[in-house]
Amino acid sequence: MQILENYDLTKLNTFGIKAEAKYFTEINKEEDIPSLFESEQFKNNERLFLGGGSNVLFTKDFDGIVILNKIKGIEVINESKEDVWIKAYGGEIWHDLVSFSVGHEYWGIENLSWVPGTVGAAPMQNIGAYGAELKDTLVSVEAYDISNGEKVIFQNNECKLGYRDSIFKNVAKGKYFISAIVLKLSKVEKKNITYRALKDYFEKNNINPETIKDISDAVIEIRKSKLPDPKIIGNAGSFFKNVFVEKKELDILLEKYPELPYFEEENVFKIPAGWLIEECGPARSTISWKGYRVGNVGVHDKQALVLVNHGGATGEEIKDLALQIIDSVKQKFGLILNPEVNFV
Ligand SMILES: Cc1cc2nc3c(=O)[nH]c(=O)nc-3n(C[C@H](O)[C@H](O)[C@H](O)COP(=O)(O)OP(=O)(O)OC[C@H]3O[C@@H](n4cnc5c(N)ncnc54)[C@H](O)[C@@H]3O)c2cc1C
């Protein structure tokens, strides 16, 4: 394990923001962890574990040690007639784990096809898409306690997985390195195709999804058509979380904005943040944020939830745009948008 200094992180974050880490190292096997934790650079500095860099915004250089997680491996650790337990190491690419599961017809994460990033970051915000969330299949998380190097196992309920949230993103932020996860997938067909965009896709294309691959392929195609590819334009997917309100608040909003879209989820109501952003715009103007550009940063023209780096943007510029958007939504609707992306 080599620790490098003043390391350029531009290629390690999908926003493509230029930032440097004071120290940088890559870990390729679990046995590297004790020596990493023992190193002076680790003990005496702030630490940041990085996977695919698809959910971070560097607002400045990182004055500590960045550890790129490349610990790979996928193994079946238990099996019954109906289910299979899979252990995947944190440095695996999430979609490679999905492909493995789809290839073996293990049901449960096919709707999460093509979500960028690594397995180790997936519990951080309980990744979710197309009607599935990590929490539906997660059994446990293996993590190292950064304060003492001890290995800890968190069961699903201990991770407090919620909408784009977990203890690792809030109360335990920065306290653990997630080294592996265990999922329980089904060997028995379990189609989950009620999510509106997926249903519409099958109807429109006259497809009767028969196999797990049909579902995975559909999700990939929808995602590719809707979301900008970070290889072409820097972004971190949805920058903001959707907003949840109680019935009382929803009714007040609907009186003023009858066209407001909402979805009921367990007695609370989800309002798509993308719609709210589209309905607002820069101060003292009548234009919408959607497709807006200022200097090197902007809001994607097809998806208002996605902020983009047109090239050469700084993290501060993206942050400034995000704050303006938050302010405009608050002014117009009285609702607070919360970023999904992790600011560093
Ligand atoms: C085009 C695009 C589409 C996206 N679509 C979705 C989507 O549909 N659903 C969704 O939920 N997300 C989506 N995202 C966000 C992103 O894919 C997920 O949040 C993903 O889990 C991030 O993985 P990563 O490895 O890139 O994490 P990183 O960006 O590297 O890290 C994210 C956070 O997790 C921490 N972290 C990373 N690895 C570890 C570890 N092993 N231990 C402890 N902490 C760690 C980091 O310190 C950081 O705070 C999208 C992003 C993009 C760019």
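These legends describe close-up views of one predicted model.

**View 1. The shell around the ligand.**
The ligand is surrounded by 33 residues. Gly 51, Gly 52, Gly 117, Gly 120 and Gly 237 are the closest.

**View 2. The open sheet S1-S2-S5-S3.**
Four strands make up this open sheet, in the order S1-S2-S5-S3. Their pairing is mixed. Which strands form the edges? Strand S1 (4–8) and S3 do, each pairing on one side only. On average, neighbouring strands in this sheet are turned by 45 degrees against each other, direction ignored.

**View 3. Pairing of S1 with S2.**
Four bridges link S1 to strand S2 (residues 20–27). The sense is antiparallel. Two partner pairs can be picked out here. Tyr 7 has Ala 21 of S2 as its bridge partner. Leu 4 has Phe 24 of S2 as its bridge partner.

**View 4. Pairing of S2 with S5.**
In which sense do S2 and strand S5 (residues 62–69) pair? They pair in the parallel sense, over six bridges. Glu 26 stands opposite Leu 68 of S5. With S1, by contrast, S2 pairs in the antiparallel sense.

**View 5. The segment before S1.**
Met 1 sits in the segment before S1. Is Met 1 buried, exposed or partly exposed? Met 1 counts as partly exposed because it has 14 C-beta neighbours inside 10 Å; the buried class would need 20 or more. Leaving out residues up to four places away in sequence, Met 1 touches Thr 25, Ile 27, Asp 32, Ser 35 and Leu 36. Thr 25 and Ile 27 fall within the S2 range, residues 20–27. Glu 40 gives a distance reference for this view. Met 1 and Glu 40 are 39 residues apart in sequence, and their C-alpha atoms are 13 Å apart in space.

**View 6. The largest nonpolar core.**
This core holds 88 residues. Which of its residues touch the most other members? They are Leu 57, Val 66, Ile 277 and Leu 307. S12 gives the largest share of the core, seven residues.

**View 7. Contacts of Leu 307.**
Leu 307 is among the core residues that touch the most other members. Leaving out residues up to four places away in sequence, its contacts are Asn 235, Phe 239, Val 297, Val 299, Ile 318, Leu 321 and Ala 322.

**View 8. Lys 160 in a loop.**
Lys 160 lies in the loop between strand S11 (151–155) and S12. Most residues other than glycine have a negative phi. Lys 160 counts as partly exposed because it has 17 C-beta neighbours inside 10 Å.

**View 9. The open sheet S14-S16-S15.**
Three strands form this open sheet, in the order S14-S16-S15. The pairing is antiparallel. S14 and S15 are the edge strands, each pairing on one side only. From one strand to the next, the twist averages 35 degrees. Strand S14 (residues 243–245) and S16 run antiparallel and are joined by three bridges. What stands opposite Phe 244 in S16? The residue there is Lys 270.

S15 and S16 pair in the antiparallel sense, over three bridges. Glu 264 has Phe 269 of S16 as its bridge partner. Glu 265 has Val 268 of S16 as its bridge partner. Two residues lie between the strands of this hairpin. Glu 266 lies in the loop between strand S15 (263–265) and strand S16 (268–271). Its phi is positive, near 50 degrees. Is Glu 266 buried or exposed? Glu 266 is exposed, because 5 other C-beta atoms lie within 10 Å and the exposed class takes 12 or fewer.

Note on methods
Residues numbered from 1 in each chain as written. Predicted model: local features only at pLDDT ≥ 70, side-chain atom pairs only at ≥ 80, totals over all residues. Near = placed C-beta within 6 Å. Pairing = 2+ DSSP bridges. Axes fitted to C-alpha atoms, helices over the stretch in contact; angles between N-to-C directions. Core = buried A, V, L, I, M, F, W, Y, C linked by C-beta atoms within 7 Å. Contact = placed C-beta atoms within 7 Å.
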